[in-house]
Amino acid sequence: MSSVDAPDTEDLLRQLAPQVLGALVRRYGRFDASEDAVQEALLAAATRWPDQGVPENPRAWLVTVASRRLVDGWRSESARRRREEHVAVLDVPEPGPVDGHDDTLTLLFLCCHPSLSVPSQLALTLRAVGGLTTAEIANAFLVPEPTMAQRISRAKHTIRGAGRFDLPPEAERADRLRVVLHALYLMFNEGYTTSAGPSLHRADLTSEAIRLARLLRRLVPKEGEAAGLLALMLLTDARRAARTTVGGELVPLADQDRALWDRAQIEEGVEIISDTLGRGSIGPYQLQSAIAAVHDEAPTADETDWPQILALYDVLEQVSPGPVVTLNRAVAVAMVNGPRAGLAVLGTLDADDRMANTHRLEAVRGHLLELAGERDAARESYRRAATMTASVPEQRYLAMRASRLR
């Protein structure tokens, strides 16, 4: 046993949770029951490890405890006689080494099973692999929390009959890849800018998303979008240290100290996207990583090549149209053609119901109104945005912007 403090225990459990769930589903084939058993094992670890120390093989410990909870639950069910023969072959391992196979990537593909709708695939992936709460997932999809809770519940029920737990054959894998990429993208975004709570980001989520993106790229080395997503994550995460002050206050991109950016990650991300672009069809992650590269390679904010960024957003809006793309493009339009031109683009989103559950539209509107010199209108937009986000750093930043315009 090794000693560890509570925050370190929480980080370790977040990292191990999808691996343990993957191991149980591979062994027993029951997704919903396995998830409940893993949650019990995580709770036991969170209670014991801070006092008793972390086991030599924490993953094996969790698999063992979760397996026992699962099998004990089956044995206590009313249909015990029917299950006795099945349970008899489920050998619960003693604490000790478990094969070093990481099932997380396979779990990703299982959650993206074709028997589920695409929204359900994404929601289940973010819950099982990302460990996101229902509220966080609902925020990522711009839908009410009760709607997302029902979607996740139905997905768990449907996945029971998904079949064997293993990586799908290559032909079927290609069909699921788009959803897997999107799930990792949403997982990374929730870690990079959390939807609620006192912290702006969750390094555990961004690190796990990057780790899985690396595994995925090795699995499908010829897929340009897998490379593009990894590059996007690296280029975006490279700015993390400069996004907040020592006191945790949000720092916008234009005001960040670029000396704090991780140059090694930037170089790796630029190299990946440079090697990928032009080798096949161009997808949204390649385009977004190209935009991130333009930002990261600018020595100062004033030297940012906004015309190039706008050109990339024009292509992105054709390849993958959506309200968030339009929102970001509006900023690029404002930087190239003036804030009123950007506000005109924003106006096209006012009737989009998908923007009703996010503060981003009002936040960007406030920024562009401020650039246009409309201080009173900008202040009101900032205030509205501040009331619409559950992120404490974003609330403080937006409220500060509003107060400066009095």
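Biologist: By the distance rule, how many salt bridges does the count come to?

Modeller: A salt bridge is a side-chain nitrogen of Lys or Arg within 4 Å of a carboxyl oxygen of Asp or Glu. By this rule the count comes to 19 salt bridges. This is a predicted model, in which local features need pLDDT of at least 70 and side-chain atom pairs count only at pLDDT 80 or more, while totals for chains, interfaces and linings use all residues. Residues are numbered from 1 along each chain as its sequence is written, and side-chain values use heavy atoms, with hydrogens and water left out.

Biologist: Which residue forms a salt bridge with glutamate 208, and in which helix do both lie?

Modeller: Helices (H or I, at least four residues) and strands (E, at least two) are DSSP runs, numbered from the N terminus. The partner of glutamate 208 is arginine 211, with the closest N and O atoms 2.8 Å apart. Both lie in helix α10, three residues apart, about one turn of the helix.

Biologist: Is glutamate 208 buried or exposed?

Modeller: Buried means under 20% relative accessible area, exposed over 50%, and partly exposed in between (1.4 Å probe, protein chains only). Glutamate 208 has a relative accessible area of 8% and is buried, whereas arginine 211, at 26%, counts as partly exposed.

Biologist: Which salt bridge links distant parts of the chain?

Modeller: Arginine 340 forms a salt bridge with glutamate 374, the closest N and O atoms being 2.5 Å apart. This pair links distant parts of the chain, 34 residues apart: arginine 340 is in helix α16 (residues 339–347), and glutamate 374 is in the loop between α17 (360–371) and α18 (375–388). Glutamate 374 is partly exposed at 30% relative accessibility.

Biologist: What does the salt bridge of arginine 384 with glutamate 362 tie together?

Modeller: In this pair the closest N and O atoms are 3.1 Å apart. Arginine 384 lies in helix α18 and glutamate 362 in helix α17, so the pair ties together parts that are 22 residues apart in sequence. Arginine 384 is partly exposed, with a relative accessible area of 40%, while glutamate 362 counts as buried at 13%.

Biologist: Which residues are linked with these two in a network of salt bridges?

Modeller: Asp350 and Arg365 are linked with Glu362 and Arg384 in such a network.

Biologist: How many helices and strands are in the protein chain, and what share of its residues is buried?

Modeller: The protein chain has 19 helices and two strands. Buried residues make up 50% of its 406 residues.
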